[in-house]
Amino acid sequence: MTLTVTAAVDLDPALICEIADGSGQAAAAPTAWQPAISGPASGQASGAAVRLAPALLGEVQRRCEQGRAVLRGGEPVYGVTTGMGALAGVRLTGPQQLVHQRNLLLARASGGPPWLAAADVRALFAVRLRTFLSGDAGVSGALCQRLADFLNEGIVPAVPCTGAGSAGEIIPLAHAFGPLAGIGQVLGTGDEVRPAAGALAEHGLAEFALGPKEGIALLAGVPGATALAIRRAADARRATAMMEAAAGLSIAAAGAPRDPYVAVCARGDDILAGVLARLRAFIGDGGPGEGKPSGTKPSGTKPSGSGPSGSGPSAGRQAGGVQAPVSFRVAGPVLTQVLRAHGALTAATGRALAGVTDSPAFLDGRFTSTAGFHGIDLAAHCDQLTAALAHAAEVSAARLHRLLDPRVTGLPAQLARTPGPDAGLVTVHKRAAGEIHALRRLATATPVGMIETSGGQEDVQSFAWEAAEKLRGALHHAGVVTACELLAGYQAMALAGRPAPPGCRGVLGWLAGLVEPIVGDRPFGADIERILRAPWPAAGAQGRWPAGGQGE
């Protein structure tokens, strides 16, 4: 598929995701998982191709010519007629300026593996193209076309995942865009990297001759953090849907009282109202026949080895007494905060795409130094979503632990068919505990702890790129915890021996297509991986699952 771009604003998050991997997931609820931790980086990419409208390229070229006319006037311009960083006071001679833009991409490429996945690199190119098409960078239409050529030819530079220790992103961006000029390496198949010059020749492309200001423009701003944040925000939409399903399944399996999920509890908070409505759609009203194991005694009595249960007239008060453990009751507010943090990050990526991130930028007929490279907006909101995911994962793991407890569910201990001879799902919870431990290490404030570089000229950083990479890890660990809870909920409903609430049947049917019935101990890691990586069904118009599945 080829996408025609007629204006810079066409390259919105949905189109960037379409170019990255063909998903377009920033605009709609995702239907397939994009793993937060990729396998080996590979040059194989399946995103959309890009066609730049001639009129748009003509406008970019017009702005370029205006900027170059200003440069010919002789005024000093950082990184064009001067050195960079601590060497900004060094004025370059005419001959030095002719090679300076290419030279900027050489020594700054000081990173190494592991490399970004191909889809992330393609998103980076799409964001860089968006910022150039605005005209702020003063680059040529030909450079914009060459960025599109790389996307269309499937050439994927080898870009480091981490190690961006500068005030902006000059290290990874030098790796990303050096191959335009035949510098550096590109991804091959599997773990292979190969020289960029050879890849250009294979695709019939010459090494691009960078014009005035085009080298520093390629290194400017925060296109990497923006692209990674857009991609992780798309991942988070699917992760949040899985978390809601897992919470709903656990609430139903435990027979938790329904009071915390009634509509009035969301007064003043529309996002919470939506979450509670979806949870109610999963769990039903908790009336007779729902939310308790078969054969349970009336409320207030305790079968041997089980928790309190019953089927009294008050909806939702049949198991666990008047109150379930806190991890069940706070599911709504916890999931709401994940959605709220996701919305804030989405807004931050919109500001990054629309704002001035080049420096120096060609604004109002002159080159202006800006702070658009700092990226604190993206760093802070990546961190906010990471923290929200960490808390949600901890709450998920707590619910999972409660599901293993007969005092809470009335089900066999550790959800084993034959407790004692079988261990049941106790180590599934321990897997979740390990993922939580790893996730906690990511839930720190990334911009805190600045390090002076460039002889003090660059004396602060936001580490926005690193914050986006931490979010990638957080999504992975939270996803594993959610898969563990889904597995436990699936087994709990199977052991309950009763019809599932209608709203749970869709997710149970999805799980049944991935997980064989658990009749004894087995290596559960394979089940967790299948849940984690399987396509996620699209919800219907009301956010409900398709009918069918276990319990019908």
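Among contacts in the protein (heavy atoms within 4.5 Å) between residues at least 6 apart in sequence, 77% join residues at least 24 apart. The model is predicted: local features need pLDDT of at least 70, side-chain atom pairs count only at pLDDT 80 or more, and totals for chains, interfaces and linings use all residues. Residues are numbered from 1 along each chain as its sequence is written, and side-chain values use heavy atoms, with hydrogens and water left out.

The protein has 18 helices and six strands. These are DSSP runs, numbered from the N terminus (helices: H or I, at least four residues; strands: E, at least two). Of the 552 residues, 56% are buried. Buried means under 20% relative accessible area, exposed over 50%, and partly exposed in between (1.4 Å probe, protein chains only).

Helix 16 covers residues 464-496. Its 33 residues should span 48 Å at 1.5 Å a residue, and the 47 Å between its end C-alpha atoms agrees with this. The expected span is 1.5 Å times one less than the number of residues. Because 32 of the 33 residues are buried, helix 16 is largely enclosed by the rest of the structure. Just after this helix, Gly497 takes a positive phi of about 65°.

The largest nonpolar core holds 170 residues. Such a core is a set of buried Ala, Val, Leu, Ile, Met, Phe, Trp, Tyr and Cys residues joined through side-chain atoms within 4.5 Å. Leu133, Leu486 and Ile531 have the most contacts inside this core. Helix 16 gives the most to it, with 20 residues. Residues up to four places away in sequence aside, Leu133 touches Val5, Ala8, Leu11, Leu52, Leu56, Val60 and Cys144.

Five cavities of 30 Å³ or more were found in the whole structure. A cavity is a set of points on a 1 Å grid over the protein atoms alone where a 1.4 Å probe fits but cannot get out; lining residues have an atom within 4 Å of a point. Grid points are joined across faces, edges and corners, and a volume is the space filled by probe spheres set on the points. The largest cavity has a volume of about 60 Å³. Its lining includes Glu169, Phe373, His374, Phe463 and Trp465. Seven lining residues are nonpolar, four polar and one charged. Here Ala, Val, Leu, Ile, Met, Phe, Trp, Tyr, Cys and Pro count as nonpolar, Asp, Glu, Lys and Arg as charged, and the others, Gly among them, as polar.

Most residues other than glycine have a negative phi, and most peptide bonds are trans. Phe463 has a positive phi near 55°. This residue lies in the loop between helix 15 and helix 16 and is buried at 13% relative accessibility. Leu415, in the loop between helix 14 and helix 15, has a positive phi of about 55°. Its relative accessibility is 0%, so Leu415 counts as buried. Ala416 lies in the loop between helix 14 (406-409) and helix 15 (426-440) and is buried at 2%. Ala416 and Gln491 are 75 residues apart along the chain, with C-alpha atoms separated by 8.7 Å. Neighbours within four places aside, Ala416 is in contact with Asp422, Ala423, Gly424 and Leu495.

Two cis peptide bonds are described here. One joins Pro113 and Pro114, with omega about 5°. Pro114 sits in the loop between helix 3 and helix 4. Another runs from Ser359 to Pro360, with omega near 0°. Pro360 is in the loop between helix 12 and strand 5.

Note on methods:
1 Å grid on protein atoms, 1.4 Å probe; cavity = no way out; pocket = protein on both sides within 12 Å on 5 of 7 lines; lining within 4 Å.
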